Amino acid sequence: MKHLKKLTALFLAAALALSMAACGGASSAPASGSVSGSASAGDGARRLTMLVPNNTNQYIKFDEREDYPVWQELKALFAQKGLELEFEVVPADQYPTTLQTRIASGTDLPDIVCLTPFDDAAAMDLANKGTIQSINTIMDEYGDGTFNSFIHEKYPFMAQLTTAPDGNIYWYTSIQAQTYEDKPAPTCRVINIRKDWLEKLGLEAPETAEEFISVMKAFQENDMNGNGAADEIVTVDTSGDFFMTGIAQWFGVGNYLTSVDVKNNRIVSPWYQDGIKDYLKYMNRLVEEGLMDPDLIGATYEQTSQRMAENKVGATFDYCMQMWLEPSVNAENVEFLPIANLETGYEPYIVIEPSFFSWQKWAVTKDCKDPEAVAALLDVLYSDRYEELSAWGIEGETYEVVDGQRQLMEGIGGAYWEQNAKDRKTPGGSLWSGCVFPTVSLYTMESQFTSRPEHKNEFQKSVVFQDAVYPDAKYCYMAIATDEQNARKAALTTDLSTYSSELVTDFILGRASFDDWDQYIAQMQELGLDELIDIEQSQYDKFLELSK
Amino acid sequence: MLRQKHGIREGSRLASMLIYLATGLCCIVTVYPMYYVLIRSVSAPEHALAGDMLLFPKGFDLNSYRVILSDTTLWRAYGNTLLYVVVTTLLMLLFCTLCAYPLCMPGLFGKKAVVTYLLIPMYFSGGLIPTFLVMNRLGLYNNIWAVILPGSLSIWNIILARTYFASIPDTIRESAAIDGASHFTILLRIYTPLAKPILAVISIYTIVITWNSWFNALVYLPDTALQPLQLYLRRVLLENTVDLTKLPMNEVAEAVRRSLSNVQLKYAMIIFTTLPVLFAYPFFQKHFVKGIMVGSLKG
């Protein structure tokens, strides 16, 4: 009896162990959404597995892609190349963790991963370890020329920004290219002021920094939001390592701790520039006169959007062509007017977002054994047809051609996503761009004007061909750093950024004295400001060299 | 009235008032944030965004709760969490009793070595990546057991149970053995009923920890159909905290729209996911009683 009980106990333990092992199945099972992504191409189909984040559109979901005609069109493109794609789709918020653990484990990697959560330094580290393969060697040998032509001839900035110090390209990216009258046309970020409040008071848009303060004071004195308090303010973000407030630009001050001066081909720091002291004094004045709330320094977007919702924001820093601020205010007939280049005695400039923009990353991992499939994929993703399906969709369904210009049809896009999801009619970009596949956005400013009010269009037209001075997205002007440079930047940037942003805050709040200016600069030099400038100068020089 | 050495009279009204005041303040400080979330979740959306209420909601709108109740993803996450909580708790109780019972036996061969072996992982573990590799090799990636199994074995709880079992007099076990009871019978019929207090404590700890856990699901469960409620809640909250300065203009519009539309929903979701735990505590309180050892010893 005793033996029987022992045997029974052993048997139960073994059964438990076996059942746990059986539950596991494959050693690394693909995640949900793992579906063969294209029509079967018959025998000899080339398969690629892709680990990608899910799209975040509230209504148009990648998981429901099979119901969308635009997805079927894209599948047909892949099928023509004999491609079958399997997706491991992970929710976007979870993706960085999933990616990092999968990459760190180094085993059973999918063929393609979206590497966007990794910065250039971390991505280069993977390249050096052999975790990701070079793309240029694959495309040179197996591509049909579409991808190579795209990145070297049509949009060479993509090659300039993705070429590593060893001459290889290890990831492909999203790109945006904006034109007006067939010329590169950037958009910009400036101070946006309440146009409806100006009109109500019969005031003109301010043209000098002093007029700006007068106008903001008039907003308060006349209690424009009608709540009985003088709480109409200007909201700009002065935290972080950047001086990109719209107001700093009136004083000719660079927009980051280290900014790219594209006119003179050099890297500069606002701390060494002429207008910095007067800019900080001006910001202090805004605080002292109650026109800026110090509680909002370093605030989250939700905190500042609360003020917007409460109709307390008289001016803020945002894109000149934006259309999202107005609906967020709890008031009628709200309009924002972009203003720029206010006179301060210094040479002002506007923060230009480059017309040609490259961001995000996808890479081929070491476990990919079918380079021909990779070549086929990239030749599709950078083809004209892919761009058409992503940005515009299907002609006659989601877009039409008017006077030679493509434009989205009435009821398609942004404000109509909920209905578009029900109708299954959308440009493909809403389904897959920026997450599963790269965004390839080549659009004209003219198509943007059709959906904006005239005062914003006029402003955009007036600045569209202004030369950039210190452009936004400075990484678009930096070649990839070497490993040593990345290590030094990592060591320097945190302390410098923290000190710089704290010092800006202290000056704005009146806690720092200009009498101690030299000490503050000396402290930043000790923290390595000059070394950081030198490192980024070499990156910029490399970028310029690759541009030739 | 008696006057104590510290000078406070027993039954002093002033002392009572101060105590009531202090505890009242503590209650307000503890409860108010939850109350604020509640009133913000039922206020009109524009006021929910503005956050301009203090004691009472402004406007009244239950639309967020309607959205929540009709959200199948949330209900599936709820169901997943209930499954993980129930299974993890049952397994925890099973493993704790099975491990604690032999460890409280006097004279067990190798007891010291086993206890030492158990204590070492309490101080440090292999880290995330080695654990991920082990889980991957066991085939537990994207599998519910990746969330259940790690949560159902706790050395701390084993030690708690062992300590409690050790406080039960040996004579009870010996007298049962004399009467012909096997170890399983003694464990099932004597030790487990007597250990109800500690098992209740272990249960409530496990329930709360499992209910609130999300990290293992984040790492091992990319499939949204298997994810628990807290991960779903985290997703909703994170969707509102995108850094707009890092996006190009054509992506900002969608991010802003998402951010502004979900504010009220976020607060409603917090209330919805916290209520079960709030309700569970009172039910377990009455089980925190000492075991009864009546008539267990003869002579």
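Hi everyone, let's start where two chains meet. Helices here are DSSP runs of H or I with at least four residues, strands are runs of E with at least two, and both are numbered from the N terminus.

Before I go on, this is a predicted model, where local features need pLDDT of at least 70, side-chain atom pairs count only at pLDDT 80 or more, and totals for chains, interfaces and linings use all residues. Residues are numbered from 1 along each chain as its sequence is written, while chains are lettered from A and ligands numbered from 1 in the order in which they are written.

Which residues meet at that crossing? From helix 3 of chain A we have A:T101, A:A104 and A:S105, and they meet B:L128, B:I129, B:F132, B:L133 and B:N136 in helix 6 of chain B. Contact means that C-beta atoms, placed from the backbone, lie within 7 Å.

Now to chain A itself. An automatic or database assignment sets the domain bounds, and chain A is divided into domain 1 (46-176 + 357-437) and domain 2 (187-353 + 470-547). The centres of these two domains of chain A, taken over C-alpha atoms, are 34 Å apart. Their contact takes 11 residues from domain 1 of chain A and 13 residues from domain 2 of chain A. On the domain 1 side, helix 4 of chain A supplies the largest share, four residues.

What about the inside? The largest nonpolar core has 146 residues, and A:V374 and A:L378 touch the most other members. A core is a set of buried Ala, Val, Leu, Ile, Met, Phe, Trp, Tyr and Cys residues joined through C-beta atoms within 7 Å; buried means that 20 or more other C-beta atoms lie within 10 Å of a residue's own. Helix 13 of chain A, residues 371-381, gives this core its largest share, seven residues. Beyond neighbours within four places in sequence, A:V374 is in contact with A:L48, A:I138, A:V364 and A:C368.

Finally, chain B has domain 1 (13-61) and domain 2 (71-285). Seven residues of each are in contact across the two, and helix 1 of chain B gives the most to the domain 1 side, with four.

Terms used. A residue is buried if 20 or more other C-beta atoms lie within 10 Å of its own, exposed if 12 or fewer, and partly exposed in between; C-beta atoms are placed from the backbone.
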